[in-house]
There are 2 protein chains.
Amino acid sequence: MDTPEELQKIFPIFDSKLAAFIAGISERRTFGEGEIMMKTGQYFKATMLIISGKVKLYRESDEGSEFFMYFLEGGNACALSMICATRNQASQIMAMAVEETEVLMIPIRYMDELMTHHKGWYYFVLETYRSRFEELLVVIDNIAFKNMDERLEWYLKQQTDKLGKHLNLTHQQIAHDLSSSREVISRLLKKMERNQMVALHRNSIEVLI
Amino acid sequence: MDTPEELQKIFPIFDSKLAAFIAGISERRTFGEGEIMMKTGQYFKATMLIISGKVKLYRESDEGSEFFMYFLEGGNACALSMICATRNQASQIMAMAVEETEVLMIPIRYMDELMTHHKGWYYFVLETYRSRFEELLVVIDNIAFKNMDERLEWYLKQQTDKLGKHLNLTHQQIAHDLSSSREVISRLLKKMERNQMVALHRNSIEVLI
DNA sequence: CCTCTTTAGTGATTTCTGTCACCGTTCAGG
DNA sequence: CCTGAACGGTGACAGAAATCACTAAAGAGG
């Protein structure tokens, strides 16, 4: 288990009493690269705090296609798991680890105590909700107002911000994340390559800007 | 001012102590039909609780076009105003009254006291955030996965759920809300009329399903 | 080394949506 | 009653994106 001091380094908003409480009740779990951490329709049994690693969050359509929304990383938490957990609701999103990811699982039975006795906890919950909410608003901007070329640029920027300039992604995966088709993405990437914005390799893309 | 009992009828999650506190510190304000209640970029000076009426929430693009997201009505609150208020952040959305709307304005200086001393308040805040978040996810579903004809049907359904089968909307307004163009909406509505789904009149639409 | 699968590139075609142009109707205000 | 603005209908066209069809190259696994 984590020491309270380590926890406070990752979640600075936690006071030492709260960090100690969480360290005592939570369970650490590791997800491997590519592992699905949460499926649409699944019920939350615990709130998940990300210790380290990177997680991609997706929205799934009825027909099975998926749409990338945002990343979570160390210090973040899944917004929905914090409240759905308390209401026993099914998840509306899918979460996948993009690299080895460590999380703290806090069983839902402690939620009420955390909420009522630890000021730092609900500040953390509110901040989590607020920042995810704002990320969703930016997602809406992009799909409502922008064309695919701009969306692709924004997507690549998001990825490089989190994962570095060298992206191990196929065109098929990108098309998937943007809910488009491989051919469209291939053509747009080719155009970006002609404009010196990326260098294309098999199974990877180097972002040059 | 409202009596605590009236407040509890509209916000059942408030206990009587909380309702009394809010009744004591809040100010009532009325917005007329079509009035802008909150502009993008404006700073929150108060959290707004909707007492009665209907409010449309929009996301605005950099270029000035607007995109309808969801309604608020009596018993709801603006999610962003509850937390942006505490951090003095600019609004990321635009809110417009579609009919005469009464709100309670709670000055931001009371937020911390409400949060720490009133369990019902942060339950309310969390529930507000959660439900708006889920509405945003449905919005994303629609623009990411659906064509304009399905989006139009969903839009009309949302409107009739809140405002009744008889909608006083021009094709131009609908195009605006969906970030499309009048001609497209006119054609799709005509098709829906041929399929007995709507009846079209000047300045109004009757939804038949 | 050979084969099969995955990945990528590209032309042709179609569908959906946005834009332009134009016209008729309705309605408010002089 | 007249006029101009707002609203709505519709054809023609343009552009973006999806889909289909095919090819070539790379890499994995026998």
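Mentor: Start with strand S1 of chain B and strand S7 (residues 101–107) of chain B, which pair in the antiparallel sense over five bridges. The model is a predicted one, in which local features need pLDDT of at least 70 and side-chain atom pairs need pLDDT 80 or more, while totals for chains, interfaces and linings use all residues. Residues are numbered from 1 along each chain as its sequence is written, and chains are lettered from A and ligands numbered from 1 in the order in which they are written.

Trainee: What makes S1(B) and S7(B) a pair?

Mentor: Two strands pair if DSSP finds at least two bridges between them. S1(B) and S7(B) have five bridges, so they meet that condition. One residue to look up is B:Arg29, which stands opposite B:Val103 in S7(B). The strands themselves are DSSP runs of E with at least two residues, and helices are runs of H or I with at least four, both numbered from the N terminus.

Trainee: Which strands are the edge strands of that sheet in chain B?

Mentor: The sheet is open, with three strands in the order S1-S7-S3 and antiparallel pairing. Strand S1 (27–31) and strand S3 (46–52) of chain B are its edges, as each pairs on one side only. Direction ignored, neighbouring strands here are turned by 35 degrees against each other on average.

Trainee: What is the strand order of the open sheet in chain A?

Mentor: In chain A, three strands form an open sheet in the order S1-S7-S3, and the pairing is antiparallel. Its edge strands are S1 (27–31) and S3 (46–52) of chain A.

Trainee: How many bridges join S3(A) to S7(A)?

Mentor: Six bridges join them, and the two strands run antiparallel. Six is at least two, so S3(A) and S7(A) count as paired. Within S7(A), A:Ile106 is the bridge partner of A:Thr47.

Trainee: Why are H6(A) and H8(A) called roughly perpendicular?

Mentor: Two packed helices are described by the angle between their axes and the distance between the axes. The axes of H6 (residues 148–163) and H8 (residues 182–194) of chain A come within 10 Å and cross at roughly 75 degrees. An axis is a line fitted to C-alpha atoms, for helices over the stretch in contact, and angles run from 0 to 180 degrees between N-to-C directions. Under 35 degrees counts as roughly parallel, over 145 as roughly antiparallel, 65 to 115 as roughly perpendicular and the rest as oblique. The value falls in the range 65 to 115, so the two helices are roughly perpendicular.

Trainee: Which residues of H6(A) and H8(A) meet?

Mentor: A:Met148, A:Asp149 and A:Leu152 of H6(A) meet A:Val184, A:Ile185 and A:Leu188 of H8(A). Contact requires C-beta atoms, placed from the backbone, within 7 Å. By class there are five nonpolar, no polar and one charged residues. Ala, Val, Leu, Ile, Met, Phe, Trp, Tyr, Cys and Pro count as nonpolar, Asp, Glu, Lys and Arg as charged, and the others, Gly among them, as polar.

Trainee: How many residues of chain A are in contact with chain B?

Mentor: 25 residues of chain A are in contact with 25 of chain B. On the chain A side, H5(A) gives the most, with 15 residues. That side has 15 nonpolar, five polar and five charged residues.

Trainee: Which residues come closest to DNA strand C?

Mentor: 19 residues surround DNA strand C, and the closest are A:Thr170, B:Asn147, B:Met148, B:Ser180 and B:Glu183. A residue is near a strand if its C-beta atom lies within 6 Å of it. H8(A) gives the most to this surface, with five residues. Its classes are four nonpolar, eight polar and seven charged residues.

Trainee: Which residues come nearest to DNA strand D?

Mentor: Of the 19 around DNA strand D, those are A:Asn147, A:Met148, A:Ser180, A:Val184 and B:Thr170. H8(B) gives the most there, with five residues.

Trainee: Why is A:Ser179 called partly exposed?

Mentor: A:Ser179 has 16 other C-beta atoms within 10 Å. Buried means 20 or more, exposed means 12 or fewer, and partly exposed is in between. The count of 16 lies in between, so A:Ser179 is partly exposed. A:Ser179 sits in the loop between H7 and H8 of chain A.

Trainee: What is the phi of A:Ser179?

Mentor: Phi is positive, about 55 degrees, although A:Ser179 is not a glycine. Most residues other than glycine have a negative phi. B:Ser179, in the loop between H7 and H8 of chain B, also has a positive phi of about 55 degrees.

Definitions and conventions:
Two residues are in contact if their C-beta atoms, placed from the backbone, lie within 7 Å.
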